[in-house]
Amino acid sequence: MKRAIYPGSFDPVTKGHLDVIARSARLVDELVVGVLNNSAKNALFSIQERVNMLKELISEFPNVTVDAFDGLLVDYAKRIDAAIIVRGLRAVTDFEYELQIAQTNHEIYADLETIFLTTRLEYAYLSSTIVKEVASYGGDISRFLPPQIIPRVYEKYGIKDFGK
């Protein structure tokens with residue numbers, strides 16, 4: 001059985017993230033969406049909120065689970081017996097960074113492979129950071145996020161009259 005992990009902060013989960021989840025779930029027997037608990041980042045949502053949102057959104061995929069982790073990705077991959085890391089690429093700059101990480105991970109744990117999925121053009125510009133920036137000023141984020149996530153993001157910024 002091929003188990004893969006799609007790691008990220010998912011703060012918040014975007015339509016681009018969901019696209020990578022759907023596409024990679026078709027390639028492996030089991031996909032674990034690994035929500036990174038990175039204390040160095042100032043997250044908008046708690047780790048449990050992010051896990052819960054993802055669980056809600058992936059319910060249509062029987063071979064996808066969600067879990068939180070901290071520490072090195074390779075250690076987590078060993079712990080859950082994952083053979084593959086899935087990473088989404090938006091631009092050439094993503095590739096340079098991700099290639100370096102993939103090579104380092106492979107050096108640490110040779111049985112772990114990284115596969116890259118290029119994002120669909122409609123999501124090539126999209127990042128959680130951009131979504132948070134737009135939302136913080138009350139801008140329209142409906143094109144970027146699943147509908148049930150939108151009010152939660154605005155709530156974090158104390159914005160009540162969004163979408164008007």
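Reader: Which residue in β3 is the bridge partner of Val-33?

Author: In β3 that partner is Val-66, where strands are DSSP runs (E, at least two residues) numbered from the N terminus. This is a predicted model in which local features need pLDDT of at least 70 and side-chain atom pairs count only at pLDDT 80 or more, while totals for chains, interfaces and linings use all residues. Residues are numbered from 1 along each chain as its sequence is written, and side-chain values use heavy atoms, with hydrogens and water left out.

Reader: How many bridges join β2 to β3?

Author: Two strands pair if DSSP finds at least two bridges between them; here six bridges join β2, residues 30–36, to β3, and the two run parallel.

Reader: What is the order of the strands in the open sheet?

Author: The five strands follow the order β3-β2-β1-β4-β5, with parallel pairing, and the edge strands, which pair on one side only, are β3 (64–69) and β5 (113–118).

Reader: Is β1 buried or exposed, and why?

Author: In a regular strand the side chains alternate between the two faces of the sheet. Buried means under 20% relative accessible area (1.4 Å probe, protein chains only), and six of the six residues of β1, residues 3–8, are buried, so this strand is largely enclosed by the rest of the structure. Arg-3, Ile-5 and Pro-7 cover one side, and Ala-4, Tyr-6 and Gly-8 the other.

Reader: Which strands does β1 pair with?

Author: Six bridges join β1 to β2 in parallel, with Arg-3 partnered by Glu-30 of β2, whereas β1 and β4 pair in the parallel sense over two bridges, and Ile-5 has Ile-85 of β4 as its bridge partner.

Notes. Helices (H or I, at least four residues) and strands (E, at least two) are DSSP runs, numbered from the N terminus. Buried means under 20% relative accessible area, exposed over 50%, partly exposed in between (1.4 Å probe, protein chains only).
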